[in-house]
Amino acid sequence: MSCVFCKIASKEMKSTVVHETDGLIVIKDINPQAPTHLLVLPKKHYSTILECDDRDLLAEMLLAAKEVAKKAGVDEKGFRLVINTNDEGGQTVFHLHMHLMAGRSLAGRMG
Ligand code: AMP
Ligand code: ZN
């Protein structure tokens with residue numbers, strides 16, 4: 001198993017976990033692009049969102065993102081959820097994940 005996010009999800013590799021359910025884990029991004037930058041990772045491996053048709057899991061990812069946004073206190077000011085997909089989408093780690101970014105104005109820009 002060479003996938004870095006599989007290793008993180010199974011706790012074989014260290015990360016800062018902020019939230020966990022049976023199906024997913026939420027960690028701090030190692031190279032934050034915003035004051036709050038979290039990653040929502042399913043525990044099961046899907047290379048990209050294109051491989052994942054599990055509606056319950058996809059819904060669970062969105063619900064977890066809302067919950068951690070509230071827990072981090074960024075819900076009122078606002079936050080951004082992003083799923084980069086394949087090369088032109090900017091995906092660098094090929095294990096499905098959703099970014100939650102907040103803590104600075106992201107208005108008017110995509111990055
Ligand atoms: P993406 O470009 O959408 O594939 O995003 C991958 C993200 O994973 C980047 O923001 C990286 O900083 C982050 N990342 C890579 N390795 C780790 C790690 N070991 N722990 C936490 N975040 C990581
Ligand atoms: Zn994986």
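Glu-12 lies in the loop between α1 and β1, where helices (H or I, at least four residues) and strands (E, at least two) are DSSP runs numbered from the N terminus. This is a predicted model, in which local features need pLDDT of at least 70, side-chain atom pairs count only at pLDDT 80 or more, and totals for chains, interfaces and linings use all residues. Residues are numbered from 1 along each chain as its sequence is written, chains are lettered from A and ligands numbered from 1 in the order in which they are written, and side-chain values use heavy atoms, with hydrogens and water left out. The points below cover the ligand site, the loops and the strands.

**Ligand 1 and its surroundings**

- Ligand 1 is surrounded by 15 residues, and the closest are Asp-29, Asn-84, Thr-92, His-97 and His-99. A residue is near a molecule or strand if one of its heavy atoms lies within 4 Å of it.
- The shell around ligand 1 divides into six nonpolar, seven polar and two charged residues. In this division Ala, Val, Leu, Ile, Met, Phe, Trp, Tyr, Cys and Pro count as nonpolar, Asp, Glu, Lys and Arg as charged, and the others, Gly among them, as polar.
- At least two residues of this shell come from α1 (4-9), and at least two from β2 (24-28).
- The largest pocket is the space taken by ligand 1. A pocket is defined on a 1 Å grid over the protein atoms alone, as an open set of points with protein on both sides within 12 Å along at least five of seven lines, whereas a cavity is a set of points where a 1.4 Å probe fits but cannot get out; lining residues have an atom within 4 Å of a point. A molecule sits in a cavity or pocket if more than half of its atoms lie within 2 Å of its grid points.

**Polar atoms at ligand 1**

- A polar contact is a pair of N or O atoms within 3.5 Å; within protein, one must be able to donate a hydrogen and the other to accept it, and residues adjacent in sequence count only if both atoms are side-chain atoms.
- A polar backbone atom of Thr-92 is 2.7 Å from an oxygen atom of ligand 1.
- For Val-93, a backbone N or O atom lies 2.9 Å from an oxygen atom of the ligand.
- His-97 uses its side chain: a polar atom there lies 2.9 Å from an oxygen atom of ligand 1.
- The protein buries 83% of the 500 Å² that ligand 1 exposes when taken alone. Accessible areas come from the Shrake-Rupley method with a 1.4 Å probe, and for residues only the protein chains shown count as cover.

**Loop residues**

- Glu-12 is exposed, with a relative accessible area of 55%. Buried means under 20% relative accessible area, exposed over 50%, and partly exposed in between (1.4 Å probe, protein chains only).
- Most residues other than glycine have a negative phi. Lys-11, not a glycine, has a positive phi of about 70 degrees.
- Asn-86 is another residue other than glycine with a positive phi, near 60 degrees. Asn-86 belongs to the loop between β4 (79-82) and β5 (98-102) and is partly exposed at 33% relative accessibility.
- Asn-84 is placed in the loop between β4 and β5 and is partly exposed at 23%. Its C-alpha atom is separated by 8.4 Å from that of His-99, 15 residues apart along the chain.

**Strand residues**

- Arg-80 is in strand β4 and counts as buried at 18% relative accessibility. The side chain of Arg-80 reaches the backbone oxygen of Leu-106 at 2.8 Å.
- His-19, in strand β1, is buried at 11%. The side chains of His-19 and Lys-71 are joined by a polar contact of 3.5 Å.
- Leu-39 is part of strand β3 (residues 36-42) and is buried, with 4% relative accessibility. The C-alpha atoms of Leu-39 and Phe-5 are separated by 10 Å, and the two residues are 34 apart along the chain.
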